[in-house]
Amino acid sequence: MPRSLPWVAAALTLVGVPAGLAVTGGNLQAIMTATVAVWLALLMLFVRRWPLTVLIVAVLTVVAWRSSDLIGSGWAWPATAAFAALALAGRLRTAAVAGALTLSYGLVWDAFVERYDSDRVLGQVGGEALWLAAVLAAALAYRSTRRWQDEVAARLEQSLHEQELEALRRRAEERVGIARDLHDVVSHTLAVVGVHLNVALDAFDEEPEEARDALRLAQDVRGRAMSDLKSLVDVLREGNRIETPAAGLEGLAGLTDQVRAAGIEVTVTELGERAEVPAPVATAVYRVVQEALTNTVRHARATRVTVTLDYSPASVTVEVTDDGAGEATSTEGHGIMGMRERVAALGGALTAGAGPAGGFTVRAMIPIAA
């Protein structure tokens, strides 16, 4: 259930109840209309914590006001926000039963106490029944959509976690291989150099030329070993950035497809030449887009998100903008700190905050090393 629901429900009730009573002719006494509107609005402030209790109190209030002729219309619709909130809390059946009982009471009261004609009774109660059914259906659709989006976000996060684990496994395997190669190079070099030094030591006095040849060979072996060691050290340094193949620019299509499956429209715009982007930078771009899209699905309540990638010879700029409610406004929450650290490790910078036209924007600039 959204955190802003109590305030939205209170505002809609405060405005909707007087308006509805005025339209349906139920505004018999302005003071009583205002009183019931304010009371129901205050109840809505607690709907997130006690949805069923609020619904019961709201329905009893409306029934009492209507039975006492303090308002002239409405049995269930003045408590619309309470019905919707209970459905959003996952108790659709309870909300439907409560609505059916309320409308049944209203039907009996209008028919046998007020003795209205059957057309009026069926028209008013039937209209409220249709209104209540539409509200509960809309609440169910919204809840189902949010659950689906949460599942997609969870899958994205799980995918990220699995990719990180795979990257760690690949790093471990690479380092084991490098350690084995280092051991082979060092042990072989020391053994060969040791043999030539022994030859040079034995021939130093009697055959100085042979001793010099042995020392030259030892020097050559040492030189080749140093080149091999330098290559292995370079590989070891790059090994700190080993990632799974999917965590690159080629994986963006699959990533956006997952978000589209959650019902969010995704537009990807690429400017410049992708082929010029080094693998570490491409990986960082992918991670930024992945984390930003995950936040959009899970937190932003957005319907549309735009991903812009601008490749230049000196840097890559990635921008992800959604049209959500701006709920993810923390510049350090929802994984933004991790994104900022990843980008900073490559010498770049990341900003996040409300977009110029609303929603939320994540923007990162990552330099391409010369």
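## Where α8 meets α9

Leu252, Leu255, Thr256 and Val259 of helix α8 touch Tyr286, Val289, Gln290, Leu293 and Val297 of helix α9. Sorted by type, the residues of this contact are 7 nonpolar, 2 polar and no charged. Keep in mind as you look that this is a predicted model.

How are the two helices placed? Helix α8 covers residues 252-261 and helix α9 covers residues 279-300; their axes come within 11 Å and cross at roughly 0 degrees. Angles under 35 degrees count as roughly parallel, so α8 is roughly parallel to α9.

## A second pair: α1 and α2

Now turn to helix α1 (residues 5-24) and helix α2 (residues 30-44). Their axes lie 8 Å apart, and the helices pack at an angle of about 160 degrees. Because angles over 145 degrees count as roughly antiparallel, α1 and α2 are roughly antiparallel to each other. The crossing of α1 past α2 is right-handed.

Which residues make the contact? On the α1 side they are Pro6, Ala9, Ala10, Thr13, Leu14, Val17, Pro18 and Leu21, and on the α2 side Thr33, Val36, Ala37, Val38, Leu40, Ala41 and Met44. Of these residues, 13 are nonpolar, 2 are polar and none is charged.

## The whole protein

Let's step back. The protein has 10 helices and 5 strands, and 41% of its 370 residues are buried. Among contacts with a separation of 6 or more, 70% join residues 24 or more positions apart.

Terms used: Residues numbered from 1 in each chain as written. Predicted model: local features only at pLDDT ≥ 70, side-chain atom pairs only at ≥ 80, totals over all residues. Heavy atoms only, no water. Axes fitted to C-alpha atoms, helices over the stretch in contact; angles between N-to-C directions. Helix = DSSP H or I, 4+ residues; strand = E, 2+ residues; numbered from the N terminus. Parallel < 35°, antiparallel > 145°, perpendicular 65-115°, else oblique. Left-handed = near helix turned anticlockwise from the far one by under 90°. Contact = heavy atoms within 4.5 Å. Nonpolar A, V, L, I, M, F, W, Y, C, P; charged D, E, K, R; others polar. Buried < 20%, exposed > 50% of the residue type's maximum accessible area, 1.4 Å probe, protein only.
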